[in-house]
Amino acid sequence: MSFVVLLNLLVKPIWLVLENNVQNQMGHAAFGTFAALFSFTFIFTSFTDLGIYHYFTKQMAAVPTFMATHLPVVLPFKTLISLIFPFIMLLAGWAIGYQKEELYYLTLVGFIFTFTQFTQFLRGALQAYQFFNLDSVMSVLERFFLIFIIVVLLYLGITLESYVYARLASVLLAFGILCLLFRKKFGSFPAKWSWQQLIFLLKASFPFAIINLVNGINEKIDMVMLERLASSREAGIYAGAYRWVDAVMMYLWTVLPIFFAKFAAHQHQPLEQQKLLRFGQMVVSIPIIFVCVFVFFYGEKLFWQFSNSSATELSLMHLNLQILFANVCVHGFFAIYANILTASNWELAVSKLVALSIVVNVTLNFIFIPVYGSLAAAVDTLISAVLVSGGYLLYLRPKLNIPVPGDLIFKLLVSGLALGGIFYGLSFIFTIWWVNTILAGIAFLGVLFLTRVIRIVDLKANLFPKK
């Protein structure tokens, strides 16, 4: 897990800085168009996979022979639906009113997602068989290629078209390398066709397809609705703030798949799952709490690259950022509960919760986006996150017979409030934001020990286990 985090800390911040430069050079309107097309495609990514990735990862982690038995049947089918997907997006884009140039870019973005999702599917085998270090390298490889391409394009002058081409090229390179490594690691799987076996697999993976669809809508519908109901400029401003949300949430999406595989491996062992849940709660929540409190106090520092934006645009991005990071904090506390539920065969229950939050979010968006633009989208997202997270907690004991670790959640909340007080107090002592951030980080570590979120006895047990 440390290796995963280290790689992401090396690559993702560089990409974040570069993408800020991309938006600054392209302008909010052009980037808002890309963000809307990207989000629109993301919503429908479940059609490139139909839930197969999550189902296979869970089953391969629990049953070592599962891959050899079923992969030869799934691979040709997945290849077929993946190649059809971009043309489905083309039709969907035409149906909601995109024009010729936008439809061209939308088709290219569809191919980007085709190969991204296929890469994720192959990585699922690495996760299931506990090859986490190799999976960690593959998780950042596409972004590694993209960084070098974007550096060249920024020097030459980047446009919306060249940016889309760069994204597609980097995905293809990473996919090709993973295919070679996958074959070397697991060998070849000669394709075979069995309708009975395929239908069985699709039925089993269907709950994951539903949850992927509702999660996609829940996460990305705001950007699409902003561009359609307000303007591409408003979508670009929202994207400028949301990029930092994606950057921080990438920590969750990097760490949670590891716990997903482990929860699945112990799905018939409630006590082991309970221990993993408490550990996962700390691993996920502590860094998120610190980042969210920092954003509340010093969020404006994150927009230093937007030299072409007006003071009004910067102020609007900052306010969006603060609201969106309240949403990040909610996910930092409660996303792992969705993780353990889906790993334990309660995918449909989770899907229903997310679907309910989507109805609330979309309804609020239709009412308020035309009036308040991006701020409405940010607030509506927060309301939806609170709603769905409460449902996760209510499901935990009835579905899995695992108690909600209320004591740990309370201690984390107290630690977060204490961190806010520390930042506030330091603002009267020092005027340099990075000095206050370092001092607050050191003090926060002390608070975690005082509240017994982190205990010395647990550290000793993990660092120096008895032989």
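The structure is a predicted model, in which local features need pLDDT of at least 70 and side-chain atom pairs count only at pLDDT 80 or more, while totals for chains, interfaces and linings use all residues. Residues are numbered from 1 along each chain as its sequence is written, and side-chain values use heavy atoms, with hydrogens and water left out. The protein chain holds 16 helices and zero strands, where helices (H or I, at least four residues) and strands (E, at least two) are DSSP runs numbered from the N terminus.

**Overall build**

- A compact globule of 467 residues would have a radius of gyration near 23 Å, and the 22 Å of the protein chain agrees with that; the radius is taken over C-alpha atoms, and the globule rule is 2.2 Å times the number of residues to the power 0.38.
- Taken along the principal axes, the C-alpha atoms of the protein chain fill a box of roughly 70 × 65 × 40 Å.
- Of the 467 residues of the protein chain, 54% count as buried, a term that means under 20% relative accessible area, with exposed meaning over 50% and partly exposed lying in between (1.4 Å probe, protein chains only).
- Among contacts (heavy atoms within 4.5 Å) between residues at least 6 apart in sequence, 83% join residues at least 24 apart.

**The nonpolar core**

- The largest nonpolar core has 149 residues, and the members that touch the most others are Phe56, Phe121, Ile150, Tyr163, Phe325 and Tyr392; such a core is a set of buried Ala, Val, Leu, Ile, Met, Phe, Trp, Tyr and Cys residues joined through side-chain atoms within 4.5 Å.
- When residues up to four places away in sequence are not counted, Tyr163 touches Trp15, Glu19, Val22, Met26, Phe31, Phe34, Ile150 and Ile158.

- Helix H10 (residues 270-298) has 29 residues and reaches 41 Å from its first C-alpha to its last, close to the 42 Å expected at 1.5 Å a residue, the expected span being 1.5 Å times one less than the number of residues.
- H10 has a kink of about 25° at Ser285, shortly before the proline Pro287, where the bend at a residue is the angle between axes fitted to the seven residues ending there and the seven starting there.
- The 33 residues of H11 should span 48 Å at 1.5 Å a residue, and the 46 Å between its end C-alpha atoms agrees, although H11 bends by about 45° at Phe333.
- H11 is mostly covered, with 25 of its 33 residues buried, and H11 is followed by Asn345, whose phi is positive, near 75°.
- H13 bends by about 30° at Leu394, and the proline Pro398 follows within four residues.

**Two loop residues with positive phi**

- Asn401 lies in the loop between helix H13 (374-400) and helix H14 (406-426), and this residue has a positive phi of about 60° although it is not a glycine; Asn401 is exposed, with a relative accessible area of 55%.
- Arg452 is placed in the loop between helix H15 (433-450) and helix H16 (456-463), has a positive phi near 65° while being a residue other than glycine, and is partly exposed, with a relative accessible area of 48%.

**Polar residues within helices**

- Gln23, found in helix H1 (residues 2-26), counts as buried at 1% relative accessibility, and a polar contact of 2.9 Å joins its side chain to that of His28; a polar contact is a pair of N or O atoms within 3.5 Å, and within protein one must be able to donate a hydrogen and the other to accept it, with residues adjacent in sequence counting only if both atoms are side-chain atoms.
- Leaving aside neighbours within four places in sequence, Gln23 is in contact with residues including Phe31, Gly236, Arg243 and Phe306.
- Asn339 lies in helix H11 (residues 311-343) and is buried, with a relative accessible area of 10%; a polar atom of its side chain lies 3.4 Å from the backbone oxygen of Leu256.
- Lys203 lies in helix H8 (residues 195-229) and counts as exposed at 63% relative accessibility, while Lys203 and Ile52 are 151 residues apart in sequence and 9.9 Å apart in space, C-alpha to C-alpha.
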